[in-house]
Amino acid sequence: MSKYRRGGQLVRSSARPQGQRRGNRAFYAVAEGEATEYDYLRHLNRIYGPDHRFLIQTHNQRRGLSASQVVDGACGALEKLGPDGVEVWALFDHDGQRDIDQACARARRHAIQPALSHPSFELWLLLHFQDFSPAAQNGSNDVIMEKLRAAHSAFANFREGSEHIDERRFEALRATNGIRKAAERARRMSATFATEVPSRQDPSTGLYRLIESLGIVAPSPRAADKLRSDSPGPAIPKARG
């Protein structure tokens, strides 16, 4: 039986989500927003979960969490769920926050996988459609949002107040191997910041590591070896299919 959060407490659900079976690999994700990131995760569960045998459980959704608060939520979830059999992720944006490096370091100390997007999660969405210039954004999301709205008609009105990822938008993202392309582009971007602290990895997004860990996209051999040796968390499972 799966667990979910109600009123700030983790409780057991009475039934598994449709299409999910025993033996799924368990993931738990905490994000700073209440719409875009969680919508994306729900679609991953729906489309890829049954075949790749994973289930992503999510935190209660609150808008405007800081990076430190996201890590707090992830630490609390890990404490309640236990360290065995679940991989916990903390998803947050740079967004001009000053405690990014501390939040990432604290997450790793607690065997939590941080997925920082600099400057924002919208960069990850844009990479499904096209490459993005490595020029630093200095925390600004304006150029990325403009490019995302122009990249596909499904995102033409993607702006504050209309940031949900509905089925049409997710299908646009995954069309023509969009998720694989996003992971490859994000991996290349991150490789240029191999010696930089997280707060200086501008622009970049660590969402590709979650996609690899879920098994939707296979990591490069070098990336897989580095993740296994550097991360205190669970080993990255081999991609299936």
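I'll start with strand E5, residues 86-93. Eight of its eight residues are buried, so the strand is largely enclosed by the rest of the structure. Keep in mind that this is a predicted model. Buried here means under 20% relative accessible area.

Which way do the side chains of E5 point? Val86, Val88, Ala90 and Phe92 point one way from the strand, and Glu87, Trp89, Leu91 and Asp93 point the other way. In a regular strand the side chains alternate between the two faces of the sheet. Residues from both of these sets in E5 are buried, Glu87 and Asp93 among them.

Now the neighbours. E5 runs parallel to strand E3, residues 25-31, and six bridges join the two. As a landmark in that pairing, Phe27 stands opposite Glu87 of E5. E5 also runs parallel to strand E6, residues 113-118, with five bridges between them. There the landmark is Asp93, which stands opposite Ser117 in E6. To get from E5 to E6, the chain passes through helix H3, residues 100-109, and this β-α-β crossover is right-handed.

Next, a helix. The list runs Leu207, Tyr208, Arg209, Leu210, Ile211, Glu212, Ser213 and Leu214. An α-helix has 3.6 residues a turn, so residues three or four places apart point the same way. In H8, Arg209 and Glu212 are among the buried residues, along with Leu210 and Leu214. After H8 comes Gly215, with a positive phi near 90 degrees.

Conventions
Residues are numbered from 1 along each chain as its sequence is written. This is a predicted model: local features need pLDDT of at least 70, side-chain atom pairs count only at pLDDT 80 or more; totals for chains, interfaces and linings use all residues. Side-chain values use heavy atoms; hydrogens and water are left out. Buried means under 20% relative accessible area, exposed over 50%, partly exposed in between (1.4 Å probe, protein chains only). Helices (H or I, at least four residues) and strands (E, at least two) are DSSP runs, numbered from the N terminus. Two strands pair if DSSP finds at least two bridges between them. A crossover is right-handed if, with the strands pointing away from the viewer, the path from the first strand over the helix to the second runs clockwise.
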